[in-house]
Amino acid sequence: MSTPVLQAIGLRRTYGDTEVLKGVDFSVDKGQVKALLGPSGSGKSTILRLMALLEPPNGGEVLLNGKQIGVETLANGTTKPLPERRLAVQRRDIGMVFQRFNLFAHLDVRHNVTLALTEVGGLNKAQANERAEAMLERVGMANRMGHYPSELSGGQQQRVAIARALVLEPTVMLFDEPTSALDPELVGEVLDVMEKLAESGMTMVVVTHEARFARRVADEVMLFDGGVIVEQAPPDDFFDNPSHERTKRFLSHLH
């Protein structure tokens, strides 16, 4: 058995008295695409944030290529969260695309994408521009490099956000409802970019409500509910022959 690229072991997260993740075990292998479905508040976005090191868990571990990340082990054997500077270095291996695009309004497309390369990646301006241009070409946005976010459609902004995450050459890409903020006619252009990424062998975890995309692209589909994984199966089994009653009810509303 190969070591998973990204793995959660017994991951827990609470907010006040609310337990959002209840000891979740999760993993994605190299080149695999996993789609996470579930109702609002089920914990699916929270597990992405924890695996992307954007929030600390209350319990459990996150492993990247078999090594625990996000913490350092002290002399007495206990662990504590890494300082932000070291977390930023580890995050380079985990690309994250959010529901909202989070582009800098005062920067044009080129500078939105090159910023991470110069500030985190340590590249000079020429190197950063060269890599950014190649990545923007990949997502079909090379002809918009001088435009500002306010001059772009939502689908175009999301494609720039994908390029910004990809430009650091992450080991795995996490997508948190990347099309839910888009007008329906703009969804397809973002899903097309994501499908091409999957075809290229990118390891991906996608929280989505796009069932057709999940069925077509994912190697495995999972249902989150109540802070746990209710069901996980290959797409045809998940959609055509779910084994859990909760999955059947969820799919009946989805359809």
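Before I start on burial, a cut-off to keep at hand: a residue is buried when its relative accessible area is under 20%, exposed when over 50%, and partly exposed in between. I also remind myself that this is a predicted model.

**Entry 1: overall build**

I looked up the fold elements and found nine helices and 12 strands in the protein chain. Next came the box around the C-alpha atoms, which is roughly 55 × 50 × 40 Å along the principal axes. Is the chain's radius of gyration in agreement or in disagreement with a compact globule? For 255 residues such a globule would be near 18 Å, and the protein chain has 18 Å, so the two agree.

I then checked burial and noted that 49% of the 255 residues count as buried. For contacts with a separation of 6 or more, 64% come from residues 24 or more positions apart. The accessible surface is about 12300 Å², and carbon and sulfur atoms hold 46% of that.

**Entry 2: charges**

I have 28 positive and 33 negative side chains written down for the protein chain, with the centres of the two sets 4 Å apart. Side chains of opposite charge can pair when their charged atoms come close. How many salt bridges does a search of the whole structure find? My note says 13.

**Entry 3: Arg-49 and Glu-55**

I went to this pair and found a salt bridge between the side chains of Arg-49 and Glu-55, at 2.7 Å from N to O. Is Glu-55 buried or exposed? Its relative accessible area is 15%, and the limit for buried is under 20%, so Glu-55 counts as buried. Arg-49 has 28% relative accessibility and is partly exposed. I also saw that Arg-13 joins in: Arg-13, Arg-49 and Glu-55 are linked in a network of salt bridges.

**Entry 4: Arg-110 and Glu-133**

Here I found a salt bridge whose closest N and O atoms are 2.6 Å apart, between Glu-133 and Arg-110. The pair links distant parts of the chain, 23 residues apart: Arg-110 sits in helix α3 (residues 109-119) and Glu-133 in helix α4 (residues 125-138). I have Glu-133 down as partly exposed at 32%, and Arg-110 as partly exposed at 23%.

**Entry 5: Glu-72 and Lys-80**

My last stop was the salt bridge between the side chains of Glu-72 and Lys-80, at 3.8 Å from N to O. Glu-72 is partly exposed, with a relative accessible area of 23%. Lys-80 is partly exposed too, at 40%.

How values were computed:
Residues numbered from 1 in each chain as written. Predicted model: local features only at pLDDT ≥ 70, side-chain atom pairs only at ≥ 80, totals over all residues. Heavy atoms only, no water. Salt bridge = Lys/Arg side-chain N within 4 Å of Asp/Glu carboxyl O. Buried < 20%, exposed > 50% of the residue type's maximum accessible area, 1.4 Å probe, protein only. Helix = DSSP H or I, 4+ residues; strand = E, 2+ residues; numbered from the N terminus. Rg over C-alpha atoms; globule rule 2.2 N^0.38 Å. Contact = heavy atoms within 4.5 Å. Areas by Shrake-Rupley, 256 points an atom, 1.4 Å probe, with all protein chains shown as cover. Lys, Arg positive; Asp, Glu negative; His and termini not counted. Charge placed at Lys NZ, Arg CZ, Asp CG, Glu CD.
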